Amino acid sequence: MKIGEKAQGTVTFSDSTTTQHRTKASYSFAPSPGFSGPGIRETSPEFRCDNLIGGQGAGCLFPGYIPTMTSMTTLPNIAANIRRIQAAGPSHFGRKADGKPLTRSTNPKVEGNNRKVACPPSRKRPAGKSCDEYPFAKTNQGASLSKQPDWGWAWVPTSEQNSQGGRVGAFWKSDRVLDGDPFWVAA
């Protein structure tokens, strides 16, 4: 090929997985006979493929990219609680600008312990309110695994709390956040 000449081709990739694996893809281009010039060989960044997200089917992502949960911004009381705790703690868990990412936990004991510390059943609930903890109970930075002021709680309307759980679950599905994966929270 000569400088300025265009070449076209097709790159296809397929992957089949029943669990989880990490890999890189390699791409190469070799000029056809009669064309001069070097070939090209490229390697993609590492990506992870899995079939572990219920109802989603197999999918792939780049684990070097940390996703940001934005769905809490429209829950005003929960968003205010998240911002307050992110600003207070020395680790600023989940705050992308200057903090450390949260990491998901799928361990029921971690979730239960985080809830017991942040929102114990002995705390009297006002009518129509629910105890909202941050970092979320289903993280490795929750109340039982961190020190204040890196975690905290607030009373929020029960309707917001009920909405929050579905939004967190939807984020984990859409962004394929598995156990131990990091993520940011915008509030």
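A word on the ground rules comes before the tour. This is a predicted model, in which local features need pLDDT of at least 70 and side-chain atom pairs count only at pLDDT 80 or more, while totals for chains, interfaces and linings use all residues. Residues are numbered from 1 along each chain as its sequence is written, and side-chain values use heavy atoms, with hydrogens and water left out.

The protein chain has three helices and 10 strands; helices (H or I, at least four residues) and strands (E, at least two) are DSSP runs, numbered from the N terminus. Starting at the N terminus, the order of elements is β-β-β-β-β-β-α-β-α-β-β-α-β. Of the 187 residues, 35% count as buried, where buried means under 20% relative accessible area, exposed over 50%, and partly exposed in between (1.4 Å probe, protein chains only).

Now zoom in on helix H2, residues 108–118, where Val110, Asn114 and Ala118 are buried. Seen down the axis of H2, these buried residues fall within an arc of 50 degrees, so they line one face of the helix; the arc is that of the directions from the helix axis to the C-beta atoms. Strand E8 (129–134) and strand E9 (152–157) are included in what covers the buried residues of H2. On the face turned away from that buried side you will find the exposed residues Pro108, Lys109 and Lys116. The N-terminal end of H2 is capped by Asn107, with a side-chain oxygen 2.8 Å from the backbone nitrogen of Lys109. That is a polar contact, meaning a pair of N or O atoms within 3.5 Å; within protein, one must be able to donate a hydrogen and the other to accept it, and residues adjacent in sequence count only if both atoms are side-chain atoms.

Next come the charged pairs. Side chains of opposite charge can pair when their charged atoms come close. A search of the whole structure finds seven salt bridges, each a side-chain nitrogen of Lys or Arg within 4 Å of a carboxyl oxygen of Asp or Glu. One of them joins Asp181 to Arg48, with the closest N and O atoms 2.8 Å apart. This pair links distant parts of the chain, 133 residues apart: Asp181 sits in the loop between helix H3 (158–174) and strand E10 (182–185), and Arg48 in strand E4 (residues 47–50). Asp181 is buried at 13% relative accessible area, and Arg48 is buried at 1%.

Asp50 and Arg176 form a salt bridge as well, at 2.6 Å from N to O. Asp50 lies in strand E4 and Arg176 in the loop between H3 and E10, so this pair ties together parts 126 residues apart in sequence. Both Asp50 and Arg176 are buried.

Because Arg115 lies in helix H2 and Glu133 in strand E8, the pair ties together parts that are 18 residues apart in sequence. Arg115 is partly exposed at 34% relative accessibility, whereas Glu133 is buried at 6%. Salt bridges that share partners join Arg48, Asp50, Arg176 and Asp181 into one network.

H2, E8 and H3 each supply at least two lining residues, and the largest share, six residues, comes from H3.

Ser146, in the loop between E8 and E9, is buried at 16% relative accessible area, and its side chain reaches the backbone oxygen of Gln141 at 2.7 Å. Ala79, found in helix H1 (residues 76–88), is buried at 1% relative accessibility. The C-alpha atoms of Ala79 and Ala186 are separated by 8.2 Å, although the two residues are 107 apart along the chain.

How values were computed: Contact = heavy atoms within 4.5 Å.
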